[in-house]
Every structure is written in structure tokens, then in C-alpha cells.
Amino acid sequence: MNQADPSQTFMRVEMLPALHGDCLLVEYGDARRTRRLLIDGGPIGAYGALDQRLGQLPAGNRRFELMVLSHVDTDHIDGLVRLFANPRPWPFVVGDVWFNGWRHLEQAHGLLGGRQGEYFSALLARRMDDGCWNGAFGGKAVVVEDAGPLPVRELAGGMRLTLLSPTPQKLDKMRDAWRKDIAGAFEPGDLDAAWQQLATQKRYLPGQGLLGSTPELDRLLQKQSKPDNAAANGSSIAFLAECGGKSCLFLADAHPDVICASLQRLLAARGLDRLAVDAVKLAHHGSKGNTTDALMALIDSPRFLFSSNGAQFGHPDREAVQRVIARSAHASPTLFFNYLSDRNREWQSAELQRQLGFSAVYPGQENQPLVVGW
């Protein structure tokens, strides 16, 4: 494959207004063609933003080379369950979906957890063509083994993805959480039973749920959202994306020890001390437990992306933002927030930006996507 001219290629990340969750539309390509992938779908309350954005894709170019469900926390998975619940034919095309379901992780002695994981598995089994669920991995688990080169997969258009997380050990910790969340409703991996139960979940049904629902139902659905589970975070699919000289780290909610270990393997293979990337989508919405000094010492980036409205869990944590600014190898990093909230408002101060040597970017309008490109 011919190498793309960096001066002609682009990569941009659109952080949709996904409330306290993640929903990332990634576009890349050149003047001839735009290609895209989708990472996570946000919580159910943000599905309207995803649905609206998909409707804005240009006619004749609504293909996704890849959709990734990083892990099964509701602030990442619910929007995708709702999206795939729509009957086919869809107004878009999906080349491959990366998601670790029970069918993969049982083979590896365990996996991540949740009823939503079973629902999504049932949808993939019935909605996707053969070979399009973890197709890049031969239908097996998306996982970083303990030894050997990091897994690398290439998408059409020269997009190169280097997998950084999860490891077999992190997946193994999720087996009990998966079983516990199902709580005897049906056996893990019983997709027929999951499909039947999914049909009773109003929040996922096309034409029902949050779209056109009542305020009482909205409040009920909000109560159904559960806090992040650390084991689920550890099962996150995270990767380095590189195309035509452009790059971004997509860290989902991955644990920093796994990311650091993978980056060290990658740096050793490339003979580097630090990994220079154009942007970093920070892990766990800017949680202080996921952005460490050890991680910051391994990367050099001018852009750091935070996806959260500050609700539910109060992200981003002040300590995490401070660490990004103080430990950045780049002289004057830019922080990108997809919401202006009480949790990030202080970084808007021009005086603080001058004193600490950074800049901050917020959406131009409330509840609008924030697009970061380079």
C-alpha cells in the first residue's frame, strides 16, 4: 500500500455530547475520501445526539470501517445497544465491530460483565453479517497477550490501530462481575434468552424509550444507570490510531498500568523514549485514578481530550487536569472539553492559562459536538 502524503491527510475526533459518557466519531482520510469509525455510544440519555449525527452523514458515504464498544459500562454501551436495536436495513454500513462478549471470553476463562453486554451480543449475532464481529481478530477476543508484539490491525485508507488494552488478566477479573450482573436471569452466553429479554427493555426499543417518553420514564432510566465498575474499566479496548502521519491515543476507561506496560513495549519496539502523538483521548473522562505520572512520562502530545458533562461522577477530576498540565512534555498543551461545566469551568480563566502555560477549548454552543482536528 502506498504511504499517504501527510500534508494531504487529516484526522479529526468529534466528541459528541454524550452526557457523562463517551461517544466519539473519528474521521480520517484525504481530499479524495473521508472514512470513519465510531467508538462507544454514550448512555441512553445521549442517544438522540448520536442518532442526529448519523442522520447528518453525507448520502452515499455512510460507511463505518469500524465500530468499537470499549466495555460494558452503561455510559459507553447503552447508545450502541439502542442503535443496533433498529431493524435492518440501516442507513449506514459497518465493516467490523470490536466487542468482547461472553462467547470470546469464556474461551479465555472469563470476561467482562453486564446484562447490556448480553443484549449487545444478541444484537450483533442477529444484526451483523458473518465475520463482522471482531472480524479483524478472526472472531476471537480483542486482547493484548503478555508476550510478543502488540496486535496491529489496519483499516481501509491506511488507518493503523495498535491495541494497548485489555490483557487476559483484566478480562479474567470480569467473569464474576458479568455473572453477578445477570443475577440468574439467564445463563451467560444464552443469546436467545438475552434477545427475548432485550425485547422487554423499553429504553432500547425503536420509537420508544427516551425518544418521545414521559418525564417519569426519563427519571426512571436515569436511576438505572450504574456507577463505573473498576473491573469493567480494566476490560476496556484501548488503542493507538495512526494514519498518514496523524495519530491519537484512544484510552477508553482503561487502567493506567495496562496502558503504561503496552506503551513501554511499543516504545521498545520502535526504539523511542516517548511516544509523540497529535492527541490523547484521556481515560475514564479525566478521572484522577487513570491519569498518572507514569503515563504522562511516556507520551508527548499537544492536545488532551476530556469527554464528560461532570454529572454522575464529577469528571474530570481537578487533580487529573492539573497533572496533564504540569507533567505535559509539550510546552503549552491544549485541553479540549466537550462540555462547559462546573467541573471544568476554572480552566477557562485566561489568567490561569497564562500562569500555568496551557489553553482550553470548549464547545461554541451548549450540547453541540466538539470537533478536534489536525
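## Strands and pairing

Helices (H or I, at least four residues) and strands (E, at least two) are DSSP runs, numbered from the N terminus. Two strands pair if DSSP finds at least two bridges between them. This is a predicted model: local features need pLDDT of at least 70, side-chain atom pairs count only at pLDDT 80 or more, and totals for chains, interfaces and linings use all residues. Residues are numbered from 1 along each chain as its sequence is written, and side-chain values use heavy atoms, with hydrogens and water left out.

## Confidence

The pLDDT is the predictor's confidence in each residue, from 0 to 100. The chain averages 86, and 84% of the residues score at least 70. Over residues 208-229 the pLDDT is below 50. That stretch has 31 contacts in the model beyond near neighbours in sequence, where contact means heavy atoms within 4.5 Å. Residues 108-113 also stay under 50. They have 27 contacts beyond four places in sequence.

## The six-strand sheet

Six strands form an open sheet with mixed pairing. The order is β7-β5-β3-β2-β1-β18. β7 (97-98) and β18 (370-373) stand at the edges with a single partner strand each, so one side of each has no neighbour in the sheet.

Inside this order, β3 (residues 34-39) and β5 (residues 66-68) pair in the parallel sense over three bridges. Leu 37 has Leu 66 in β5 as its bridge partner.

## Around β15

Strand β15 (residues 303-306) pairs with β13 (residues 279-281) in the parallel sense, over two bridges. β15 also pairs with β16 (residues 334-337), again in the parallel sense, over four bridges. Phe 304 of β15 takes part in both pairings. Val 280 stands opposite Phe 304, and Leu 335 is the bridge partner of Phe 304 in β16.

The buried residues of α12 are Ala 320, Val 321, Val 324 and Ile 325. They cover an arc of only 135° around the axis, which puts them on the same side of α12. The arc is that of the directions from the helix axis to the C-beta atoms. These buried residues pack against α11 (293-296), β15, β16 and α13 (350-356).

## A buried aspartate

Asp 22 lies in the loop between β1 (10-15) and β2 (24-29). Asp 22 has 1% relative accessibility, so it counts as buried. Buried means under 20% relative accessible area, exposed over 50%, and partly exposed in between (1.4 Å probe, protein chains only).

Beyond residues up to four places away in sequence, Asp 22 touches several residues, including Ile 39, His 76, His 285 and Ser 307. Ile 39 is 17 residues away along the chain, and the two C-alpha atoms are separated by 7.7 Å. The side chains of Asp 22 and Ser 307 make a polar contact (3.1 Å). A polar contact is a pair of N or O atoms within 3.5 Å; within protein, one must be able to donate a hydrogen and the other to accept it, and residues adjacent in sequence count only if both atoms are side-chain atoms.

## Backbone exceptions

Most residues other than glycine have a negative phi, and most peptide bonds are trans. A cis bond joins Arg 88 and Pro 89, with omega about 5°. Another cis bond joins Ser 165 and Pro 166, with omega about 10°.

His 284 has a positive phi near 55°. His 284 sits in the loop between β13 and α11 and is buried, with a relative accessible area of 9%. Gln 312 has a positive phi of about 70°. Gln 312 lies in the loop between β15 and α12 and is partly exposed at 38% relative accessibility.
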